[in-house]
Amino acid sequence: MNNENYDQATREQWAEWARKKEAKARSPLAPLLLKLYKIPALRRRVRKFARRHEGGEYFSQTLRQIQRDFYGVEVGAYSYAGCLFPGVLPRGTTVGRFTSVSLRAHFYRNNHPFDWLSQHPFFYHPKIGPHSADLRDQTDTNPLTIGNDAYVGDHAMILPGCARIGDGAVVGGGAVVTKDVPDFAIVGGNPAKLIRWRYPEDIITRVCESQWWLRPIDEVFKWLPEMMMPISNDLGAHPLLRIATESANKSTASVKAETSVAATTLS
Ligand SMILES: CC(C)(COP(=O)(O)OP(=O)(O)OC[C@H]1O[C@@H](n2cnc3c(N)ncnc32)[C@H](O)[C@@H]1OP(=O)(O)O)[C@@H](O)C(=O)NCCC(=O)NCCS
């Protein structure tokens, strides 16, 4: 799509498309679907129904609630694929909005206890040995956070040393990630190293500050051609960034004002 000047009516059509999808995101049958999901034999069908009737997996709220209630994974709006497929992300993971995770990425939060006499699961795993609980450090103590608009490629392997994949980060195909991935870094290889940054530093700061991913989806879709433009120093070419930054600044200013009123009241 070229960056032509699209007229207001065309932009409104894109926004309307997004509003319609969003309006379908929670089926009236959601409470029933969540009950049915307790029956293992129905799980695939429940997920398929939710995808089909809630505007696709990008929008479906039931799929997000299934991830939260049954698998302990918190997934933001419009994130998809591995984010919503049970078993890809470990319990305790939080994912932001607009994030892409390959179905074939692998995530590990714990190692076998290699400092014990034996690292075999007989000696710690409740399903394999005679214990009622995992005898290693609790499995939920190493939660993973994946930011907004991040992208985890095919066959990437995320090891326990990585606790955060930043906003806008890219994990290349086959990367073996042993450390946190900073916002807007592109990493790859084994062990994963920085390949390059997506944008220059000052632009990364401005995109992070804008938090455009929190804007209402119909507003985002009004700026469809601008979403597809490579980012440059001319941030004015990206009106959503300007709008989002102004809004983020306003809410920071109002939090500051509220805090100072509260401080004055207390003093
Ligand atoms: C990481 C990635 C996004 C980089 O894209 P790019 O910037 O166009 O990469 P280039 O081909 O220009 O390569 C740039 C450098 O990074 C290296 N590189 C690229 N991808 C790499 C990877 N996955 N692992 C290790 N090194 C990688 C290249 O060898 C090259 O190194 P050099 O400068 O020393 O020659 C891309 O290669 C990738 O891995 N994409 C994931 C694809 C995928 O999994 N898709 C499924 C999505 S669900």
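A nonpolar core is a set of buried Ala, Val, Leu, Ile, Met, Phe, Trp, Tyr and Cys residues joined through C-beta atoms within 7 Å. Keep that in mind for the exercises below, and remember that this is a predicted model.

**Exercise 1. Get your bearings: how many helices and strands are in the protein?**

Solution. Start with the elements: the protein has 8 helices and 13 strands. Next, take the overall extent, where the C-alpha trace spans about 65 × 55 × 45 Å along its principal axes. Then look at burial: 28% of the 267 residues count as buried. Finally, consider contacts between residues at least 6 apart in sequence; 38% of these join residues at least 24 apart.

**Exercise 2. Find which residues touch the most other members of the largest nonpolar core.**

Solution. The largest nonpolar core has 42 residues, and those touching the most other members are Ile165, Ala169, Val171, Val177 and Val181. Now ask which elements give two or more residues to this core: they are α3 (43-53), α4 (61-71), β10 (170-171), β12 (185-188), α5 (201-210) and α8 (239-266). As a general point, nonpolar side chains in soluble globular proteins tend to be buried together. To zoom in, pick Ile165 and set aside its neighbours within four places in sequence: Ile165 is then in contact with Ile146, Gly147, Ala150, Val152, Val171 and Val181.

**Exercise 3. Work out the strand order of the open sheet with 6 strands.**

Solution. Reading across, the order is β2-β4-β7-β10-β12-β13, with mixed pairing. At the edges sit β2 (80-81) and β13 (193-197), each pairing on one side only.

Take β12 step by step:

- With β10, β12 runs parallel, and 2 bridges join them. Here Val170 stands opposite Ile186 of β12.
- With β13, β12 pairs in the antiparallel sense over 4 bridges. Val187 has Leu194 of β13 as its bridge partner, and Ala185 stands opposite Trp197 of β13.
- Between β12 and β13 the hairpin has 4 residues, and in this hairpin Gly189 takes a positive phi near 95 degrees.
- Finally, compare the faces of β12: Ala185 and Val187 make up the covered face, while Ile186 and Gly188 are on the uncovered one.

**Exercise 4. Decide how the buried residues of α3 are arranged around the helix axis.**

Solution. First list the buried residues of α3: Val46, Arg47 and Ala50. Seen down the axis of α3, these buried residues fall within an arc of 95 degrees, so they line one face of the helix. The face turned away from that buried side carries the exposed residues Arg44, Lys48 and Arg52. What covers the buried residues of α3 includes α2 (30-36) and α4. Just after α3 comes Gly55, with a positive phi of about 75 degrees.

**Exercise 5. Is Ala248 buried, partly exposed or exposed?**

Solution. Ala248 is found in helix α8. Count the other C-beta atoms within 10 Å of Ala248: there are 17. Buried needs 20 or more and exposed 12 or fewer, so a residue in between is partly exposed. Ala248 is therefore partly exposed. Not counting residues up to four places away in sequence, Ala248 touches Glu209, Ser210 and Gln211. Ala248 and Glu209 are 39 residues apart in sequence, yet their C-alpha atoms are 7.3 Å apart in space.

**Exercise 6. Describe the residues around the ligand.**

Solution. Of the 13 residues around the ligand, Gly153, Asp154, Gly172, Gly173 and Gly188 come nearest. Sorted by class, the shell has 4 nonpolar, 8 polar and 1 charged residues.

Terms used:
Residues numbered from 1 in each chain as written. Predicted model: local features only at pLDDT ≥ 70, side-chain atom pairs only at ≥ 80, totals over all residues. Contact = placed C-beta atoms within 7 Å. Near = placed C-beta within 6 Å. Nonpolar A, V, L, I, M, F, W, Y, C, P; charged D, E, K, R; others polar. Pairing = 2+ DSSP bridges. Arc of directions from axis to C-beta.
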